[in-house]
Amino acid sequence: MRQVFSVARFNFRGFFKNPKVIVTFLLGAALCYLLSARVMEGIDAYGTPVQLAEPFLWTFGDAYSILLSSVLLLLLFSDLPMAGGMTPYYLYRTTRGKWLAGQLVYVAGVVLLYTGFLFGATAVLCGRDSYLGDKWSETAAMLAYSKLGEELGVPSTVKVMESVTPYGCMLQVLGLLFLYAFALSLLVLAGNLRSGKNRGMISGLLFSLYGLLLN
């Protein structure tokens with residue numbers, strides 16, 4: 001496992017200085033702002049505070065938002081697998097299986113950072129009107145019991161509020177977002193390894209298009 005994490009750690013060298021990383025996270029922040037506009041409109045309409053996780057849940061609580069946010073990762077992972085001057089060294093000192101496992105750990109780490117960033121961005125956008133307590137807000141209740149939530153496209157429902165807490169629901173949405181983005185990234189990686197980098201991008205785009213059609 002030490003060799004696997006060594007490969008993954010090497011892939012993270014200069015990660016935050018990479019122009020693709022900067023552009024992807026900036027686009028992610030812009031996407032959060034655009035998607036959460038309807039949420040902020042609902043908050044302003046009632047003038048009541050919301051639970052910290054609720055803006056994220058309302059922004060990424062539907063398949064369309066998850067699909068859009070995951071497509072941005074195609075830009076970030078277009079050059080998978082991470083190969084460079086040290087790749088022959090790692091392949092010689094380890095095995096192809098461990099090197100590939102290191103790529104998977106790297107992908108999982110990046111997706112985890114990205115999903116965490118999306119949550120942080122929505123929390124910051126609506127942080128002025130948020131509180132930390134693990135209890136649904138009056139705003140969520142009013143959106144769920146009125147037609148305004150449906151008109152704004154805010155997925156606030158009575159069934160969810162009665163069955164799970166805000167943080168519990170947040171963990172489920174984060175898990176779904178992470179798994180979908182991870183599956184998309186693995187498809188790009190598999191396509192690049194098997195048929196060349198262009199095939200990986202094409203496979204990822206077709207996978208996203210198929211998800212859009214199903215949605």
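Visitor: Where is the place of Y64?
Guide: This is a predicted model, with local features needing pLDDT of at least 70, side-chain atom pairs pLDDT 80 or more, and totals for chains, interfaces and linings using all residues. Residues are numbered from 1 along each chain as its sequence is written, and side-chain values use heavy atoms, without hydrogens and water. Helices are DSSP runs (H or I, at least four residues), numbered from the N terminus. Y64 lies in residues 63-71, helix α5.

Visitor: Why does Y64 count as partly exposed?
Guide: Buried means under 20% relative accessible area, exposed over 50%, and partly exposed in between (1.4 Å probe, protein chains only). Y64 counts as partly exposed because its relative accessibility is 39%.

Visitor: Which residues of α9 are exposed?
Guide: T139, A140, L143 and A144 are buried in α9. They cover an arc of only 130° around the axis (directions from the helix axis to the C-beta atoms), so they sit on the same side of α9. On the other side, the exposed residues are E138 and Y145.

Visitor: With which residues is F56 in contact, leaving aside neighbours within four places in sequence?
Guide: Contact means heavy atoms within 4.5 Å. The partners of F56 are G61, L118, F119, T122, M170, V173, L174 and L177.

Terms used. Helices (H or I, at least four residues) and strands (E, at least two) are DSSP runs, numbered from the N terminus.
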